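Me: I have a structure open and have never looked at it before. Can you walk me through it?
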Amino acid sequence: MSSYYTSILYGAVLTVGVSLAALLVSLVLGLAGAGAKLSGRPILVALATLYTTIIRGIPELVLMLLVFYGGTIGLNNLLEAMGSEATVDINPFLAGVLTIGFIYGAYMTETFRGAILAIPKGQAEAAWAFGMGRTQTFMRITAPQMVRYALPGFTNNWLVLIKATALVSLIGLQEMTYLAKQASAATRSPFAYFLFTAALFLIYTTVSLMVLRRLNARYSLGTKRVQL
Amino acid sequence: MNFAVIFEPQNLALYGTGILTTLALLFSSLAVGAVLALLCALALTGPWAPLRWVVGAYTYVMRGTPLLIQVYLIYYGLGQLEWIQARWDTVWPWTHFKEPFFCALLAFSLNTAGYTAEMLAGAIRETSAGEIEAAQAYGMSRFKVMLHIVLPSAMRRTLPAYSNEVVMMLQATSLASAVPAMLDVTAAASRIYSDYYLPFEAYLAAAAIYLVASFCLIGFFRFSEGRLLAYLAPRKL
């Protein structure tokens with residue numbers, strides 16, 4: 001195995017890192033967004049709706065370039081305006097994680113909103129009747145049940161998110177797509193390296209799918225299934 | 001913020017060319033992809049098991065790997081193969097592999113075909129048994145049942161999912177900018193960014209163009225769903 005393959009394998013670690021970090025961001029934003037949409041307060045609902053509508057209408061790549069190049073200049077202008085001599089470079093890892101997390105936060109918002117709505121209202125009312133607060137109701141009653149409803153949508157979002165991490169290579173993060181491109185330019189055998197990278201992505205998505213299926217089975221325990 | 005630059009004639013023209021390229025890529029890849037998807041969906045729901053496995057593997061790989069890698073594989077990768085290298089100067093279909101537009105189009109079509117085939121196959125499988133039995137009772141052949149009963153209704157029922165796919169494809173065409181010498185909306189924005197060093201303005205303009213295009217597509221699909229799927233809508237009292 002040539003050293004290029006090994007370096008692509010190291011790049012895979014970075015791919016996993018970017019995707020998991022972005023997932024974390026998107027989960028937080030998704031929960032916040034779903035909470036805002038269901039809060040019933042007009043300002044919050046309008047903000048969350050604006051967020052999900054706009055983000056889903058713009059390509060990930062354009063947003064990423066906007067955050068990476070625009071963010072760098074914006075920050076530096078801000079520093080200059082505050083009278084500082086220092087310049088900052090946004091690092092591509094952070095830009096990638098934040099943008100992907102921000103984008104998939106919008107998709108997660110819709111998934112979580114649907115999942116919360118799917119839980120019968122009486123459950124939360126019963127919890128309140130027992131004197132639980134909002135947080136307690138969410139942690140003990142809503143969250144454990146919404147996992148089951150959210151999992152199918154979550155699985156889709158996660159698979160798309162994994163594939164979106166390949167785009168981070170375009171802003172210079174040295175994850176596996178970037179390394180494969182470098183290797184293919186250096187060795188003039190692009191087919192082999194891209195195929196190898198594609199296979200690694202396929203393994204990543206396949207393993208994720210298997211884990212999520214297990215999780216789905218675990219969280220669907222005790223639900224009644226009807227055979228038509 | 002210096003949006004005046006965006007509205008200078010030569011830059012507007014650049015975005016205009018970009019919009020044309022993006023739309024050309026979108027609609028041609030959707031057209032090619034739809035034909036491929038129909039064939040794949042028929043194979044996926046067909047009686048012949050080996051074909052089902054092969055097409056199933058195809059859609060699995062297409063849906064499991066990033067589009068960017070697929071574009072790279074076709075644009076950079078295929079040129080490596082000696083078999084194609086020997087042909088792309090002279091023999092007809094292979095001469096196209098030197099054109100960036102063709103490579104991007106091929107990658108996008110194959111990709112959207114993978115996703116659309118699975119949607120359509122799902123809709124075909126969901127066709128209610130009664131409809132098919134009724135058609136058989138009329139003495140229709142397998143081919144006729146497919147053509148007159150199953151496909152028209154399955155294609156209509158795919159519409160909501162397909163509209164998502166079309167919007168996703170519009171956004172996916174931005175990856176064409178990763179292929180050198182392709183001037184789509186994103187590439188136009190990148191060029192203006194590097195000419196004027198105005199990333200915010202350049203990419204915000206591109207984002208606005210995509211947003212408008214997405215809303216137009218969504219509006220069009222809402223309208224056609226209203227017409228084509230009216231029989232599935234809840235009854236108005």
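Me: At what angle do helix 3 and helix 6 of chain B pack?
Reply: Helix 3 (residues 67–77) and helix 6 (residues 100–126) of chain B pack at about 135 degrees, and their axes are 9 Å apart. The axes are lines fitted to C-alpha atoms, for helices over the stretch in contact, and angles run from 0 to 180 degrees between N-to-C directions. Helices here are DSSP runs of H or I with at least four residues, strands are runs of E with at least two, and both are numbered from the N terminus. This is a predicted model, where local features need pLDDT of at least 70, side-chain atom pairs count only at pLDDT 80 or more, and totals for chains, interfaces and linings use all residues. Residues are numbered from 1 along each chain as its sequence is written, and chains are lettered from A and ligands numbered from 1 in the order in which they are written.

Me: What does that angle make helix 3 of chain B relative to helix 6 of chain B?
Reply: Oblique: that angle makes helix 3 of chain B oblique to helix 6 of chain B. Under 35 degrees counts as roughly parallel, over 145 as roughly antiparallel, 65 to 115 as roughly perpendicular, and the rest as oblique.

Me: Which residues in helix 3 and helix 6 of chain B meet?
Reply: From helix 3 of chain B they are Leu67(B), Gln70(B), Val71(B), Ile74(B) and Tyr75(B). They meet Pro100(B), Cys103(B), Ala104(B), Leu106(B), Ala107(B), Leu110(B) and Asn111(B) of helix 6 of chain B. Two residues are in contact if their C-beta atoms, placed from the backbone, lie within 7 Å.

Me: How do the residues of that contact divide into nonpolar, polar and charged?
Reply: The contact of helix 3 with helix 6 of chain B has 10 nonpolar, two polar and no charged residues. Ala, Val, Leu, Ile, Met, Phe, Trp, Tyr, Cys and Pro count as nonpolar, Asp, Glu, Lys and Arg as charged, and the others, Gly among them, as polar.

Me: Back up a bit. How many helices and strands are in chain B?
Reply: Chain B has 10 helices and zero strands. Its C-alpha trace spans about 70 × 60 × 25 Å along its principal axes. Of its 237 residues, 39% count as buried. Buried means 20 or more other C-beta atoms within 10 Å of the residue's own, exposed means 12 or fewer, and partly exposed is in between, with C-beta atoms placed from the backbone.

Me: And how many in chain A?
Reply: Chain A has eight helices and zero strands. Its C-alpha atoms fill a box of roughly 65 × 55 × 25 Å along the principal axes, and 38% of its 228 residues count as buried. Of the contacts in chain A with a separation of 6 or more, 76% are between residues 24 or more positions apart.

Me: How many residues of chain A are in contact with chain B?
Reply: There are 31 residues of chain A in contact with 29 residues of chain B. On the side of chain A that touches chain B, helix 3 (60–81), helix 7 (176–187) and helix 8 (190–219) of chain A each supply at least two residues. Helix 8 of chain A gives the most, with 10 residues. That side of chain A divides into 19 nonpolar, nine polar and three charged residues.

Me: Which residues touch the most other members of the largest nonpolar core?
Reply: Val62(A), Val71(B) and Ala206(B) do, in a core of 98 residues. A nonpolar core is a set of buried Ala, Val, Leu, Ile, Met, Phe, Trp, Tyr and Cys residues joined through C-beta atoms within 7 Å.

Me: What does Val62(A) touch?
Reply: Leaving out residues up to four places away in sequence, Val62(A) touches Ser174(B), Thr186(B), Tyr203(B), Ala206(B), Ala207(B) and Tyr210(B).

Me: Is Ala189(B) buried or exposed?
Reply: Ala189(B) is buried, because 31 other C-beta atoms lie within 10 Å. Ala189(B) is found in helix 9 (residues 185–196) of chain B. Apart from neighbours within four places in sequence, Ala189(B) is in contact with Ala202(B), Tyr203(B), Ala205(B) and Ala206(B).

Me: Where is Ala181(B)?
Reply: Ala181(B) is in the loop between helix 8 (142–172) and helix 9 of chain B. Its phi is near 75 degrees, a positive value in a residue other than glycine. Ala181(B) is exposed, with 8 other C-beta atoms within 10 Å.

Me: What about the phi of Tyr197(B)?
Reply: Tyr197(B) has a positive phi of about 55 degrees and is not a glycine. Tyr197(B) sits in the loop between helix 9 and helix 10 (199–228) of chain B.
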